[in-house]
Amino acid sequence: MKALNKNVKVLVIGAGAMGSGIAHVAARAGHAVYLYDGRPEAVQSGCAGIDKDLRYLVAKGRLPEAEAQAIRARVLPVAALADARDAGLAIEAIVENLDVKQALFRELEALLGEDAILASNTSSLSITAMAAGLARPGRFAGLHFFNPAPRMALVEVVSGLATERAIADTLHATARAWGKIPVHAKSTPGFIVNRVARPYYAEALRVLAEKAAEPQTLDAILREGCGFAMGPFELMDLIGHDVNFAVTRSVFEAYFNDRRFAPSLIQQELVFAGRLGRKSGRGFYDYAEGAVRPPARSEPVRNAEAKIAVVGDIGAAAPLIARLEAGGVEVRREAGKGGRGWMKIGAACVALSDGRTATRRAVEEECPNLVLLDLCLDFAATGRITVARADQCGLGAFRAVVGTLQKAGVNVSVIDDVAGLLSLRVVAMLANEAADAVLYGVASAADVDTAMCHGTNYPKGGPLAWADQLGAAFIAEVIANLAAHYGEERYRVSPFLQRKAFKGELVHD
């Protein structure tokens, strides 16, 4: 399917940050763009924002001045929608109110030509519901940009029940022609990104609620240990707790109160208190002038064991062995007896978490001095490792583990013994949610991973690619262990993931 010809004029309704950003993108791609807002001053402000962005690009040498002037000239402020009646594509980016948007699209359908395409930039409302009442609902779709639109690559092309496939394909090709990375999605609550990303916040908030560690340490664990661009707490502060909490509630209610999407009481309290994050000056962190963010907690340097034993295959943590050897630790390798391997460090056994608490596993495996490792993006390169000890584990044995791991040249963070620790349960639940999105036809596995990489900068090629590296069976086991620990429906294994686990197949075809 071909992209819209550059001669097709684009109408953007709503001149706020999203609308002006979309106008910038379309104009830069060569289209004449009408920019309309019910508030004339908003159009002026939107045009000023576009001009500011262009001047920045020129100053950085990324855009010739002549081209910037041409782009400015293609953005045409209009005082009335009737002034844009020859537009072939209309994209709204106005208030997230279904009634208001439906009324707007009915007006646009009556105003524009029959071959015009109507699109909404909504991030949360049903495309199917928005199209209801239109005479030509097949020519209506979602075109969800991410903020800031000129810099964020991802665009979700969202099809409602009535959206014609040719229209979705045309928008997909057009977004690509505009320099974006488009993905197809079905009209469901949260589409791809706002649905699949929910566990990143939810599991971190749950671990915080269980007082496993303070926000700055949990942020560092996921940022430095797992390769996420921002920790969940600093990211929620950036997004704004009012916005993030509202999205979570919206998805929760849209899925008929599915506990998997249950909002956090901690975040609700922040919203009640007006601690909305950076924009209010206080969230999980203090943003007042001169305020200093507390550092992540790392263990002080401890005495190390000179010799350790590695029994069997320790899975994703295997690259750690070479780093310990490089740090001067003598490693003796022993064959295992099946199952997962472990390290013998002094009086303690050290193993990768499997979703059980260390305390439970110490009993089941008859190993009181048990220490669990959290998942890392890459144990060969990570700068931070997270551990938790069983309640039965002696402090001396535990400190010897910490000191020995430090020989690998890493900071060691200690959190309380919560099931699945932090990184493993977050990654497992992200993969599980992504698998459910595939199961229910929201998007393909490839599009889910593309969306999460380019809409949220997730590492490892996306949650499903990461699941393939760890193995669907391992992810399913982790979630099953979380379910056994909490006894909550929240931790149910996606049937799609479970099926792949039974068959020993990759999630990606």
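Begin by selecting Glu 253 and Arg 249, whose side chains form a salt bridge with an N to O distance of 3.2 Å; a salt bridge here is a side-chain nitrogen of Lys or Arg within 4 Å of a carboxyl oxygen of Asp or Glu. The model is a predicted one, in which local features need pLDDT of at least 70 and side-chain atom pairs count only at pLDDT 80 or more, while totals for chains, interfaces and linings use all residues. Residues are numbered from 1 along each chain as its sequence is written, and side-chain values use heavy atoms, with hydrogens and water left out.

Glu 253 and Arg 249 stand four residues apart in helix H11, so about one helical turn separates them. Helices (H or I, at least four residues) and strands (E, at least two) are DSSP runs, numbered from the N terminus. Glu 253 is partly exposed, at 43% relative accessible area, and Arg 249 is partly exposed as well, at 38%; buried denotes under 20%, exposed over 50%, and partly exposed the range in between (1.4 Å probe, protein chains only).

Next, select Arg 302 and Glu 299, which are joined by a salt bridge of 3.3 Å, N to O. Arg 302 is partly exposed, with 24% relative accessibility, and for Glu 299 the relative accessible area is 24%, again partly exposed. For a network of salt bridges, display Asp 354, Arg 356, Arg 360, Arg 361, Glu 364 and Glu 365 together. The count of salt bridges comes to 37.

Now turn to the pockets. On a 1 Å grid over the protein atoms alone, a pocket is an open set of points where a 1.4 Å probe fits, with protein on both sides within 12 Å along at least five of seven lines; lining residues have an atom within 4 Å of a point. Grid points are joined across faces, edges and corners, and a volume is the space filled by probe spheres set on the points.

Centre the view on Phe 146, Asn 147, Asn 194, Ile 239 and Val 243, which lie nearest the centre of the largest pocket among its 42 lining residues. Elements giving two or more residues to this lining include helix H1 (17-28), strand S6 (140-145) and helix H17 (445-456). H11 supplies the largest share, five residues. The pocket holds about 1300 Å³ of space, and its lining comprises 24 nonpolar, 14 polar and four charged residues. Ala, Val, Leu, Ile, Met, Phe, Trp, Tyr, Cys and Pro count as nonpolar, Asp, Glu, Lys and Arg as charged, and the others, Gly among them, as polar.

The second largest pocket contains about 340 Å³ of space. Select Arg 206, Ala 262, Pro 263, Ser 264 and Arg 490, the closest to its centre of the 20 lining residues. H8 provides the largest share of this lining, six residues; the classes are nine nonpolar, four polar and seven charged.

Finally, select Ser 187, in the loop between strand S8 (181-186) and H7. Ser 187 is buried, with a relative accessible area of 16%. A polar atom of its side chain lies 3.0 Å from the backbone nitrogen of Ile 127. Residues up to four places away in sequence aside, Ser 187 touches Ser 126, Ile 127, Thr 128, Val 158, Ser 159 and Gly 160, contact meaning heavy atoms within 4.5 Å.

Note on methods
A polar contact is a pair of N or O atoms within 3.5 Å; within protein, one must be able to donate a hydrogen and the other to accept it, and residues adjacent in sequence count only if both atoms are side-chain atoms.
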